[in-house]
Amino acid sequence: MTLLEQRGDPAAELALADEQALIKEAHRLRRRRWLLRTSLVALAGGACVAGLIAATGPPARSRRDPSRDAGGSPGAQPATRGAGPTRSADLIQPTTLATLPNGNLLILDSSRDQILELRSDGRLSVYAGDGRLGFSGDGGQARNAAFAFGYFSTAGIAVAPNGTVDVIDDGNCRIRQISPRGIIHTILRLPLVNVYPHGTGCRLAAVAVSPAGSVYVATPGTIERLSPAGRLTWVAGGHMPVAHTVAHPPGQLTPANVSFSPVQLAFDRAGVLYIASAFPRAVYTLTPAGKLTDLGGSYATGLAARPSGGMLIGTHSGVIEASTGHGLRRFYSVNPRRVEGISWGADAGFQENGIAVSGSGTVYVDNAQGNGYGAASVVVRIGAGRRAELASIRTPLADTLPGPSAPGFPARLYPPARASHGAQLPSCPADQGLTGFTPSAIELAKRIARTYLSTQFASDMAVTDRSWWTADFSDYATGSFLGRHTVLGELPAARTPAAAALSAACGQALTDESIAVTVGRSAYSDFTGTLYFLDRNGRPLVYAVR
């Protein structure tokens with residue numbers, strides 16, 4: 001139940017570019033970036049893309065209808081919309097997490113192209129990123145910089161003991177460092193590489209900072225140390241192809257002969273480097289003396305140092321593991337039914353996309369909808385006594401999003417939404433610019449509907465009716481390898497069963513100027529229902545009603 005702007009007209013594309021509406025163009029590429037990122041790991045392992053997808057899978061399907069939980073309710077906690085499942089207010093696609101020395105939580109939200117800071121009192125603010133996708137801002141305040149985070153970016157945030165923050169801006173293939181005063185600059189830039197089947201990708205997979213302040217990075221198959229002068233020095237890996245799990249005789253595993261694909265890095269308090277590998281799926285440790293140890297198999301999705309020593313490992317299955325020095329053990333299993341403040345029902349699971357631990361031992365994990373088994377995007381706090389609860393977020397949504405007339409978001413393209421007078425829609429599109437549908441626009445609407453992947457990439461549904469947070473309809477022109485919907489029919493919105501409720505909520509103009517396309521399930525997406533399309537200034541817009 002959200003208003004989304006869809007592009008397709010070349011003239012409209014030029015107009016958007018002229019107005020620097022970078023987020024819309026950026027999110028058009030999100031789904032492709034996910035495939036390119038997996039291709040890079042496959043290249044490191046000597047495996048084909050098809051094999052990697054079979055092994056890791058694309059983000060798992062949600063059983064929920066994203067049109068019913070497209071965003072948080074401003075200023076409320078927990079945040080729900082209609083009958084949709086609980087989600088964390090203000091968050092769209094939270095992935096990487098980290099904690100600052102003061103205990104505040106950093107949340108990389110890749111669909112917002114921002115890093116957010118959550119305080120203990122529930123206040124959420126922008127730590128870095130102005131919300132526009134691109135590259136800018138080096139030498140100035142990080143809040144005014146532009147990033148290009150990849151789709152479900154888990155590239156990494158590393159916080160140094162002095163509060164300096166290093167973050168991988170994977171779309172720009174840079175490590176960007178943010179000082180305690182908030183000044184941002186680039187400390188490493190690598191060239192983008194060509195990857196199969198087409199396009200480019202970044203070789204930077206993870207970043208970590210040692211207790212002494214040294215920066216380490218993971219690239220496909222290797223770990224390297226970054227010097228203050230910006231040069232990379234080999235540390236481990238990269239000497240053999242990783243097509244399959246490599247068995248090393250006991251005691252003979254060394255940095256020089258290890259074969260792995262590191263995707264997560266983190267140091268514990270003793271200076272031991274923990275390495276999560278995709279091929280093989282395992283966790284390793286590397287001591288300052290150079291001793292490399294395989295702690296065992298793990299489908300790790302995140303690493304976080306414990307204040308008492310050792311490491312916590314978030315996993316694909318929702319289980320949090322803890323290092324024992326010689327192996328891994330179960331630490332805690334995140335079950336949404338036992339998380340206070342979450343109401344997802346019995347059929348939803350949890351997957352830690354990111355994990356972080358504060359100095360007091362509080363553990364934070366997140367689930368980004370569309371990239372796992374959870375029904376919505378949330379941040380969960382696990383405190384004393386292993387009590388799990390939905391992290392409190394009490395900041396009004398509008399306070400953390402670029403507003404109309406902000407740089408790159410001209411009001412004529414992004415007018416503010418109107419309040420809804422009914423429960424059918426959370427808010428209503430602006431009155432200005434509504435025009436009737438042409439035959440060509442109707443054909444475009446049906447083409448969008450046929451390739452709609454609602455449950456697969458649900459977190460890209462817009463949080464508000466402002467249209468720059470969308471990517472769900474980005475591949476309408478070429479389709480998707482994940483399956484097409486069946487178009488069951490189309491008719492004017494005024495003739496649909498929801499017409500009266502839509503008119504009551506948003507006025508007669510909304511239904512008079514919309515066309516409804518009814519779709520059935522695709523090979524991968526479970527969405528069935530009606531997509532409503534309308535035309536504003538020649539640009540097709542879409543909103544969904546179940």
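In this predicted model, residues 24 or more positions apart make up 56% of the protein's contacts with a separation of 6 or more, a contact being heavy atoms within 4.5 Å. Local features need a pLDDT of at least 70 and side-chain atom pairs a pLDDT of 80 or more, while totals for chains, interfaces and linings use all residues. Numbering starts from 1 along each chain as its sequence is written, and side-chain values rest on heavy atoms, with hydrogens and water left out.

Of the 546 residues, 61% count as buried, that is, under 20% relative accessible area, with exposed set at over 50% and partly exposed in between (1.4 Å probe, protein chains only).

Next, the cores. Nonpolar side chains tend to be buried together in soluble globular proteins. A nonpolar core here is a set of buried Ala, Val, Leu, Ile, Met, Phe, Trp, Tyr and Cys residues joined through side-chain atoms within 4.5 Å. The largest one has 23 residues, and I320 and V380 have the most contacts inside it. Two or more residues each come from strand 22 (319-323), strand 23 (328-333), strand 24 (355-357), strand 25 (363-367), strand 26 (378-382) and strand 27 (388-390). Strand 26 gives the largest share, 3 residues. Beyond its neighbours within four places in sequence, V380 touches V339, I342, F350, V363, Y364, V365, A388, E389 and A391. A second, separate core holds 22 residues, among them C428, F437, I448 and L510.

Four strands form an open sheet in the order 6-7-8-9, paired antiparallel; two strands pair if DSSP finds at least two bridges between them. At its edges lie strand 6 (157-159) and strand 9 (184-189), each pairing on one side only. Direction ignored, neighbouring strands are turned by 25 degrees against each other on average, using axes fitted as lines to C-alpha atoms (for helices over the stretch in contact), with angles from 0 to 180 degrees between N-to-C directions. Strand 7 (residues 165-169) is joined by 5 bridges to the antiparallel strand 8 (residues 174-178), and V165 has I178 as its bridge partner in strand 8. I178 also stands opposite I184 in strand 9. Strands 8 and 9, antiparallel and joined by 5 bridges, form a hairpin with 5 residues between them, where G182 in the turn has a positive phi of about 90 degrees.

I223 belongs to strand 14 (residues 222-226) and is buried because its relative accessible area is 0%. Leaving out neighbours within four places in sequence, its contacts include Y216, W234, F260, L265 and I275. L265 lies 42 residues away from I223 along the chain, with 9.1 Å between their C-alpha atoms. In helix 6 (residues 499-506), S503 counts as buried because its relative accessibility is 16%. The side chain of S503 makes a polar contact with that of Q508 at 3.3 Å. Such a contact is a pair of N or O atoms within 3.5 Å; within protein, one must be able to donate a hydrogen and the other to accept it, and residues adjacent in sequence count only if both atoms are side-chain atoms. Neighbours within four places aside, S503 is in contact with Q508 and T511.
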